[in-house]
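Here is a short briefing for a first look at this structure. Keep the model open as you read, and take the topics one at a time.

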Amino acid sequence: MGLAAIEKALSVDGERLALVGQDGQRLSRAKLIQVVDGLTTRMHHLGIGPGLSVAPIADNDALRFCLWLAIWNLGANLVLVSDPKAALSAGITIDHVISLPGQRRTDGPVWHEVESGWHRDAGPPPPSNSMEGRVYFTTSGSTGTPKFMSKPLGMLMKQAEAIVDSPQRPSGPVLIGFPTTSTAALSTALIALLGGQACVFPGGPIEDVLSTAKEVCVTALATNPLVLAQIVDAVEKGADKPNFKVIGFTGASAEHGVLRRAWEAFNAPILTVAALNETPTLTMGIYAGQTLPEGWAGTIAPGVTLELRDCGQWPDLGTEVGRLAVKVPPEFQVEGYIGGEPAYDESGWIETGDLAEITHHGVLLLRGRADFIINIGGNKYAPEPLERAIARFPDVKRAGAAPTTVNGRDGLGVVVVSQGFFDEYAAVAALERIVRCEGVVRFVVVDELPVLESGKLNRLAIAKMTRDT
């Protein structure tokens with residue numbers, strides 16, 4: 001197994017747990033090395049090597065994780081997708097796809113199906129390889145079609161190594177609640193392995209995931225807003241409660257209600273991280289039950305420069321609110337969007353698309369996405385405060401808002417997950433304390449909020465669900 005730093009970490013105490021997947025799959029450190037070496041050999045004899053791009057879409061997170069490492073062992077490029085079509089349409093070359101039997105195929109790449117024992121008896125091992133592959137991945141697509149970009153493996157490893165020595169990291173297994181098509185899952189797994197921790201990938205109902213996490217003594221949770229809310233919901237209803245010592249939360253600004261409930265459920269500090277796919281960590285903060293200002297996203301990380309532009313153009317959000325721009329060290333900048341414009345300008349800045357405020361103490365307050373500001377009667381409102389107002393209403397579990405068209409006018413669309421009777425007239429009255437929306441608001445009651453794979457609220461879907469037909 002290559003990737004020397006990871007192999008070194010796994011070579012100590014070979015019988016110790018290294019990987020837990022769905023359906024009870026468990027691998028020791030020694031077994032993980034054996035499986036990855038076998039997969040590396042198998043793929044080498046299939047013609048996979050330096051410069052080629054491989055999309056492991058096997059519908060098994062533990063297997064996909066092993067394939068990540070094997071692909072890099074060969075100096076090949078890793079394409080993080082669940083379906084190759086989007087990447088191919090964006091102009092990314094995919095030479096090989098690795099799947100489980102029965103998964104739907106796409107024309108173009110060479111297709112390989114992983115059979116039982118695929119990593120065994122794979123033939124003579126490949127020669128050592130010093131080539132460094134890249135990782136191809138997408139933005140979340142929260143404002144439209146996802147954009148593809150890439151990073152060299154070395155950049156991800158460097159970012160992971162910088163976090164491994166954090167004094168707040170526990171020593172037990174980590175439950176990884178990010179989709180395995182995300183760089184968040186990939187980075188979390190690298191950090192765990194380099195730090196000698198086992199990786200636990202969820203699979204199946206959330207109650208089963210929590211039961212497994214408790215059984216293997218998981219001490220850390222790294223997740224996005226969607227999965228954190230699901231875990232808290234399940235624990236509040238009586239599901240097994242792992243003994244988390246720390247919870248890592250990233251993917252969106254902190255929603256105080258979910259953080260408060262997570263703190264009450266686990267009594268564990270919650271490390272919140274704001275980051276972009278195009279950048280390393282921007283801000284970090286620790287929540288431990290304290291009262292937070294709206295949109296709190298922690299304090300600015302070392303080496304990162306934030307700038308607000310065009311302040312004062314959104315007076316309804318606050319006179320200090322502006323468009324957020326970010327500057328990070330050149331070694332952490334992605335090259336640009338594949339088939340599109342550069343991610344950073346000539347001076348090294350990138351605009352995030354967020355409207356934000358920065359306090360005198362360096363705390364970032366996210367006020368909303370510029371793309372989803374709601375314009376009613378010439379006044380502009382961020383959807384998040386409106387969602388919180390509705391979520392506080394009796395029997396409302398969650399709410400999501402977006403700009404839409406109501407009766408031919410600019411308006412507010414709200415989807416609601418309700419545990420009982422939803423009184424629309426009373427909800428309008430509650431919103432009227434914030435925004436004059438009578439006649440330009442439309443509610444739709446749903447079983448679940450529409451979300452993106454990243455866990456972010458899918459506001460484009462909300463707008464479509466609530467607009468005039």
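Asp83 touches Arg104 and Thr106, leaving aside residues up to four places away in sequence. This comes from a predicted model. The points below start with Asp83, then turn to Ser150, two helix pairs and two residues with positive phi.

**Asp83**

- Asp83 sits in the loop between strand E4 (77-79) and helix H4 (84-89).
- Is Asp83 buried, partly exposed or exposed? Its relative accessibility is 29%, so Asp83 counts as partly exposed. The reason is that partly exposed covers values between the buried limit of under 20% and the exposed limit of over 50%.
- The side chain of Asp83 reaches the backbone nitrogen of Lys85, at 3.0 Å.
- Asp83 and Ala213 are 130 residues apart in sequence. In space, their C-alpha atoms are 29 Å apart.

**Ser150**

- Ser150 belongs to strand E8 (residues 148-152).
- With 8% relative accessibility, Ser150 counts as buried, because buried means under 20%.
- Which residues does Ser150 touch, not counting those up to four places away in sequence? They are Arg134, Val135, Tyr136, Phe137, Val334 and Glu335.
- With Arg134, there is also a polar contact. It joins the side chain of Ser150 to the side chain of Arg134, at 3.1 Å.

**Helices H2 and H3**

- Helix H2 covers residues 29-45, and helix H3 covers residues 61-73.
- The two pack at an angle of about 60°, and their axes are 8 Å apart.
- H2 and H3 are therefore oblique to each other. An angle counts as roughly perpendicular only from 65 to 115 degrees.
- H2 passes H3 in a right-handed crossing.
- On the H2 side, the residues that meet H3 are Leu32, Val35, Val36, Asp37, Leu39, Thr40 and Met43.
- On the H3 side, they are Leu63, Phe65, Cys66, Leu67, Leu69, Ala70, Ile71 and Asn73.
- By class, this contact of H2 with H3 has twelve nonpolar, two polar and one charged residues.

**Helices H7 and H8**

- Helix H7 covers residues 206-215, and helix H8 covers residues 225-236.
- Their axes come within 10 Å and cross at roughly 80°.
- How are H7 and H8 oriented to each other? They are roughly perpendicular, because the angle falls in the range of 65 to 115 degrees.
- From H7, Ile206, Glu207 and Leu210 take part in the contact. From H8, the partners are Gln230, Ile231, Ala234 and Val235.
- By class, the contact of H7 with H8 has five nonpolar, one polar and one charged residues.

**Positive phi in two loops**

- Most residues other than glycine have a negative phi.
- Cys217 has a positive phi, near 60°. Cys217 is placed in the loop between H7 and strand E11 (220-223).
- Cys217 has 54% relative accessibility, so it counts as exposed.
- Asn407 also has a positive phi, near 55°. Where does Asn407 lie? It is in the loop between strand E22 (396-406) and strand E23 (409-418).
- Asn407 is exposed, with a relative accessible area of 56%.

Key:
Residues are numbered from 1 along each chain as its sequence is written. This is a predicted model: local features need pLDDT of at least 70, side-chain atom pairs count only at pLDDT 80 or more; totals for chains, interfaces and linings use all residues. Side-chain values use heavy atoms; hydrogens and water are left out. Helices (H or I, at least four residues) and strands (E, at least two) are DSSP runs, numbered from the N terminus. Buried means under 20% relative accessible area, exposed over 50%, partly exposed in between (1.4 Å probe, protein chains only). A polar contact is a pair of N or O atoms within 3.5 Å; within protein, one must be able to donate a hydrogen and the other to accept it, and residues adjacent in sequence count only if both atoms are side-chain atoms. Contact means heavy atoms within 4.5 Å. Axes are lines fitted to C-alpha atoms, for helices over the stretch in contact, and angles run from 0 to 180 degrees between N-to-C directions. Angles under 35 degrees count as roughly parallel, over 145 as roughly antiparallel, 65 to 115 as roughly perpendicular and the rest as oblique. A crossing is left-handed if the near helix is turned anticlockwise from the far one by less than a right angle, and right-handed if clockwise. Ala, Val, Leu, Ile, Met, Phe, Trp, Tyr, Cys and Pro count as nonpolar, Asp, Glu, Lys and Arg as charged, and the others, Gly among them, as polar.
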